[in-house]
Amino acid sequence: MNVLTLVDEFLIAYRDADTRAIACWKYIADQALPPKERDPLRLYLSDLGKCPRQVAYRNLETEKDRRSSQSESNDRFMFHMADQVECTVAAAVLYADKLEAFQNGVAIDRENWGGRTDIETAEEVIEVKSVRSNSFNYDNALLPGVTLEYGLEPYVKPNGELVRPNIAIKDAHAYQAGAYGKYGSHPKDPIVVVYDRGGSNTPQQYRIGPEIHPTIDDQMNRLELVRGYLPTLPNKLPKVLKERSYGKRVVQEPDWRCSYCDYKVTCSPDLSKSEWASLEQGSWRWRKKADIDALATFAHENLPELSKVLP
Ligand code: SF4
């Protein structure tokens, strides 16, 4: 099923004041669930791929960092828009006569775990993610079992350069949807649709195959271990190496998850960045402070030209 096409067809009908499209939207909007009391020690499928230390802070009911009322107001708006995107996809699936369930609980044969699918048809689960426009600027690696089904078609620019879509799905999205496949009973593998909240990028649809299940097991085991050792906290996330300046610099910087963490002040990770290598007048140079083994591993996978100059 091409969910992106269903959504577009629904939006055209809704724009044209099609009474059934409007009725579908109203029906879905009425399904909004009230917030419920959370067991702080409960783990969720949406925790997969998160920083384990961040999950531990939540388990321990650690107070979140203080935020300005303006930031809280911004977040409320952002979450509301994310809900709207999810409702739009659900209404589109209903409009196509394919909706079987919305916000449905998942049975997980592990102690004190929870999860809820966004949308279910008779054939598959659809997980809806809406992200910032800049998420489409980063080209994430596809995890085992994850394939891009629909999105921007590759094209060739007049100068001959091939343009293909960046991979915008995050690992956490793939793990969460993959778990719905692992614990569900639908005949087809789950789908993730990724929408740009700003509307500047073509949405993408991914299929999450069973090859990802072993990694999901590892993640679940790890989070249960973290929960078992509370109140001891797991380590902070290590820094990562990234290509910057369009592949002309290699920089060691904090994991991106730290930037969006609700416990950043409490945790106080080292947020400094340092340049480890750069392309100067056509030649790669590496900095003395770099960890050469780590840089070599990174270069081997990402920048073969840099590999050649490393000792
Ligand atoms: S600041 Fe970073 S390391 Fe600390 S809990 Fe948050 S995500 Fe984890």
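Which residues are around the ligand? Keep that one in mind while looking through these close-ups of a predicted model.

**View 1. The shell around the ligand.** Here are the residues around the ligand: Cys51, Arg53, Gln54, Lys236, Leu237, Arg257, Cys258, Cys261, Tyr263, Lys264, Cys267 and Pro269. Sorted by class, this shell has seven nonpolar residues, one polar and four charged. Three helices each put at least two residues into the shell: H3 (52-59), H7 (256-259) and H8 (264-267). Both domains take part too, since domain 1 (3-228) and domain 2 (240-307) each give at least three residues to the shell.

View 2. Seven residues of domain 1 and eight residues of domain 2 make up the contact. On the domain 1 side, the residues touching domain 2 come out as two nonpolar, two polar and three charged.

**View 3. An open sheet of four strands.** Follow the strands across and you get the order E11-E12-E13-E14, paired in the antiparallel sense. What do strand E11 (240-244) and strand E14 (283-286) have at the edges of the sheet? Each has a single partner strand, so one side of E11 and one side of E14 have no neighbour in the sheet. From one strand to the next, the twist averages 20 degrees. Helix H9 (residues 292-302) lies across E11, E12, E13 and E14, and runs at about 50 degrees to E11.

**View 4. Strand E12 and its partners.** Zoom in on E12 (residues 249-253), and you can look at the pairing on either hand. One spot to look for is Glu243, which stands opposite Val250 in E12. E11 and E12 form a hairpin with four residues between the strands, and Ser245 in this hairpin takes a positive phi near 50 degrees. With E13 (residues 274-280), strand E12 is again antiparallel, this time joined by four bridges. Val250 turns up here as well, opposite Ala277 in E13, while Val251 has Glu275 of E13 as its bridge partner. Which residues of E12 are on the covered face, and which are on the uncovered one? Val250 and Gln252 belong to the covered face, whereas Arg249, Val251 and Glu253 belong to the uncovered one.

**View 5. Strand E4 and its partners.** Is strand E4 (residues 116-120) mostly covered or uncovered? Mostly covered: four of its five residues are buried. Strand E2 (residues 101-105) pairs with E4 over four bridges, in the antiparallel sense. To find this pairing, look for Ala101, whose bridge partner in E4 is Glu120. E4 also runs antiparallel to strand E5 (residues 125-131), with two bridges joining the strands. Here Ile119 has Ile126 of E5 as its bridge partner. Between E4 and E5 there are four residues, and the two strands form a hairpin.

Methods. Residues are numbered from 1 along each chain as its sequence is written. This is a predicted model: local features need pLDDT of at least 70, side-chain atom pairs count only at pLDDT 80 or more; totals for chains, interfaces and linings use all residues. A residue is near a molecule or strand if its C-beta atom, placed from the backbone, lies within 6 Å of it. Ala, Val, Leu, Ile, Met, Phe, Trp, Tyr, Cys and Pro count as nonpolar, Asp, Glu, Lys and Arg as charged, and the others, Gly among them, as polar. Domain bounds come from an automatic or database domain assignment. Two strands pair if DSSP finds at least two bridges between them. Axes are lines fitted to C-alpha atoms, for helices over the stretch in contact, and angles run from 0 to 180 degrees between N-to-C directions. Two residues are in contact if their C-beta atoms, placed from the backbone, lie within 7 Å. A residue is buried if 20 or more other C-beta atoms lie within 10 Å of its own, exposed if 12 or fewer, and partly exposed in between; C-beta atoms are placed from the backbone.
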